[in-house]
Amino acid sequence: MRTFSVAERRARIGARHRLAGGALAASAEEVASSLVAIHSTDAASVVLALWARLADRAAAASAVEDALYEERTLLRLMGMRRTMFVVDRSVAPLVQAACGSVVEARERAKAVRMLADVGVGGRRPEAWLARAETAALAVLHDRGECTATELADADPLLATEVSTGQGKWSATQKIASRVLLLLALRGEAIRARPRGGWTSTQFRWAAFDTWVGGPLEEVPVDDARAALARRWLHTFGPAQPSDLQWWTGWSAGQTKRALAGDDIVAVELQEPDDTTVAGIHLAADLEHVEAAGDPWIALLPALDSTPMGWKHRAFYLGAHADHLFDTNGNVSPTIWADGAIIGGWTRRPDGTVATKVLEPQSKAITSLIAAEAKALAPRLGDATLAPRARGYSPLERGLLNA
């Protein structure tokens, strides 16, 4: 049985995640395809994740925005674990069928309950919701792009208010936001241009077929899951099946079915303590991958796809989890060296990029980190990188208060 050492798994991160010097990508589309999906809960993380992996180290945020909003070769959608991602167009149908459809069913049931709770739709809130969705699509097709607020103002159905949360966390919102979510999960609407700069999370919306030039390709769910699993293994493998289950949000049974086939084989994975655990990988991808010739470092953003790609992280994270993750398991900005996390960084209010390593490093690595931090600071400009949808990690807070 093929055994993958910690060193080789780290070497694969450098190569497959476009982080080692010789593996840097030529385009934003190439990065997205290599990573399968780029985390997009925080819009700023998308740009920072791409910057870290592009051979053109001076690439501007506008180059990323062109791919998202002009060429539209990259699409922003909700998929795995009800999380926002940016994917290339070839992956979008797989994510929607394999993950979005499951999330859509849950969110639809939730929306129906919200309508029933406020007495909207009488005995048939499902039918009322369908009418609201039809109305929303009509507005999007008519206007091209609009915000959720503008959508609610365009049709009385979409201005209907529902309650969210419970107790002191309860609030009201217009159903337009829920309708847009459902349409997006079904592949009929998409987040378009944001209001503001590249760090903004206030998106306009568009009809998917108008924005992309046609409807989302329909893929059978089982086929989509099998294809997505193999893409994930090419980038994140070898790994444990529970890593894929965690990343996708599938059940154990769904994961097992997705991994069925002679093209996936059992392997052994070495742990940092020299024990081994059972893993899987693509049968056609068992060749040995050498570490990059020169040492490499990377300053990756919070919620980056690489640190958030596995459930079992010891082989690249070591004992640093308590320093770099918030209480909900969300990672803050990290510093990588040769396939392992060695520290973290943040942008201070004065514009400087502050870094901290958590274990001794060579002078070469220390110099590379200092140079990368110095180069990144002016590119960030006055961008706000405060946590969104996550908390500060202990290391991050310490750097800000130093």
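I looked up where α10 and α11 touch: Leu228, Ala229 and Trp232 in α10 meet Asp243, Leu244 and Trp247 in α11 (contact means heavy atoms within 4.5 Å). By class I noted five nonpolar, no polar and one charged residues in this contact (Ala, Val, Leu, Ile, Met, Phe, Trp, Tyr, Cys and Pro count as nonpolar, Asp, Glu, Lys and Arg as charged, the others, Gly among them, as polar).

The model is predicted; local features need pLDDT of at least 70, side-chain atom pairs count only at pLDDT 80 or more, and totals for chains, interfaces and linings use all residues. Residues are numbered from 1 along each chain as its sequence is written, and side-chain values use heavy atoms, with hydrogens and water left out.

Next I took the helix geometry. Helix α10 spans residues 221-236 and α11 residues 241-248; they pack at about 115 degrees with axes 11 Å apart (axes are lines fitted to C-alpha atoms, for helices over the stretch in contact, and angles run from 0 to 180 degrees between N-to-C directions). The two are therefore roughly perpendicular (65 to 115 degrees). Their crossing is right-handed (the near helix is turned clockwise from the far one by less than a right angle).

Then I turned to the sheet. It is open and antiparallel, in the order β11-β12-β13-β14 (strands are DSSP E runs of at least two residues, helices H or I runs of at least four, numbered from the N terminus; two strands pair if DSSP finds at least two bridges between them). Strands β11 (297-300) and β14 (353-357) are at the edges with a single partner each, so one side of each lacks a neighbour in the sheet. Neighbouring strands are turned by 25 degrees on average, direction ignored.

Five bridges join β13 (residues 340-347) to β14. I noted one of them: Gly344 has Lys356 in β14 as its bridge partner.

How values were computed. Parallel < 35°, antiparallel > 145°, perpendicular 65-115°, else oblique.
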